[in-house]
Amino acid sequence: MMVWLDAITEKLPGPLRLRVHGRSMLPTLRPGDEVVVQPVVAEALAPGDWVVVRNAQDAFLHRYLGCREGCIVTKGDGHRAFDPVWPPDAVLGRVVEAQREGRCFYNRTPGQLRRERLLAAGHQALGDVWDVLRRVKALFLGPFAVLMAASLAYAAVTLVDFYAEAGADTITVYWETATEVGYMGFYLLRSQDKLADYEDISGFIDCGGGIEGALYEYKDLAVTPGVTYYYVLEDVPDNGSSGDKTDPISATIPLEASPTVTPTQEITPTATATFTPTPSPTPSASPTPTATFTPTPSPTPSPTSTPNPNVRFWAAKTDLTA
């Protein structure tokens, strides 16, 4: 499950709230769920923890299963095979809380941790079984594929899996093969219309598996949020014939809703002072000049109702000399 991490550099600065976009942790985590990730070191992890790990380009949220020869072993709940192993310093954080539609459904209570440890044991067994099946299949299919390649002019690459996951600003396409005997490589094709022509975006990709097959991934950087992209994989036989194409798969980077900022209105009341002197007294009267101060306030504008009004008042002067 790719997790959209432009904000993360080498280490997490502190707790961080992230939104799930990928599907590799289904059914445990769904697209749209929100998780709170706290920094953690690899030594503090326990089997069953949901961890964020990072390679040179992307970060992923998968289930931690344990260590193998000093490396971190993880697996997506929706995947059959283990992830490629990670170095300990690839661990960025651990999920301490998860919410779905505003309701918290995971916060590492003792009961939840016991359940996650049991799930981790099940996923460890599933990954081991799948690894054995792949090796057995390669053992039996390898010689057969060699014989068939010598007698047949054409045969298809055995494709195990082919899917795409959308990140924050990239779409990563994954595929896995069981055997690749008699093939040179692949082309990854893309279109914005499922039924239109597809264009090569990857260039030639060499086969890396041979008899046992291999795992592949390609990062599509030239993508726009909100646009659905369709991908087709084409294999390239080594005898010069035309290759086969897969059925299309698709992925879309979701649009993030931008908050609407409503400017607040400042209302500054003003007052106009009118100074009216009284007539000069007669010589017999006591010289007691007086003045009348008549403030004439200007009309106060009616403020426009806003969701978050912010009104300030002040006076230019607090006293006036007669």
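## Close-up views of a predicted chain

**Figure 1. The whole chain in a predicted model.** Of the 322 residues in the chain, 35% are buried. Buried means under 20% relative accessible area, exposed means over 50%, and partly exposed lies in between (1.4 Å probe, protein chains only). This is a predicted model, in which local features need pLDDT of at least 70 and side-chain atom pairs count only at pLDDT 80 or more, while totals for chains, interfaces and linings use all residues. Residues are numbered from 1 along each chain as its sequence is written, and side-chain values use heavy atoms, with hydrogens and water left out. The chain has one helix and 17 strands. Both are DSSP runs numbered from the N terminus: helices are H or I with at least four residues, strands are E with at least two. The accessible surface of the chain is about 19100 Å². Carbon and sulfur atoms hold 57% of that surface. Such areas come from the Shrake-Rupley method with a 1.4 Å probe; for residues, only the protein chains shown count as cover. Among contacts (heavy atoms within 4.5 Å) between residues at least 6 apart in sequence, 61% join residues at least 24 apart.

**Figure 2. Asp49, a buried loop residue.** Asp49 sits in the loop between strand 2 (34-39) and strand 3 (50-54). Why is Asp49 called buried? Because its relative accessible area is 2%. The side chain of Asp49 reaches the backbone nitrogen of Ala46 at 2.9 Å. Leaving out residues up to four places away in sequence, Asp49 touches His62, Arg63, Tyr64, Arg94 and Arg108.

**Figure 3. Pro27 and its cis peptide bond.** Pro27 belongs to the loop between strand 1 (16-19) and strand 2. The peptide bond from Leu26 to Pro27 is cis, with omega near 5 degrees. Pro27 counts as exposed because its relative accessibility is 67%. Pro27 and Gly78 are 51 residues apart along the chain, yet their C-alpha atoms are separated by 7.0 Å.

**Figure 4. Glu69 and its positive phi.** Find Glu69 in the loop between strand 4 (59-68) and strand 5 (71-75). Phi of Glu69 is near 55 degrees, a positive value in a residue other than glycine. Glu69 is exposed, at 79% relative accessibility.

**Figure 5. Glu101 and its positive phi.** The loop between strand 6 (91-100) and strand 7 (103-106) holds Glu101. Glu101 is not a glycine, but its phi is positive, about 55 degrees. With a relative accessible area of 82%, Glu101 is exposed.

Technical notes: A polar contact is a pair of N or O atoms within 3.5 Å; within protein, one must be able to donate a hydrogen and the other to accept it, and residues adjacent in sequence count only if both atoms are side-chain atoms.
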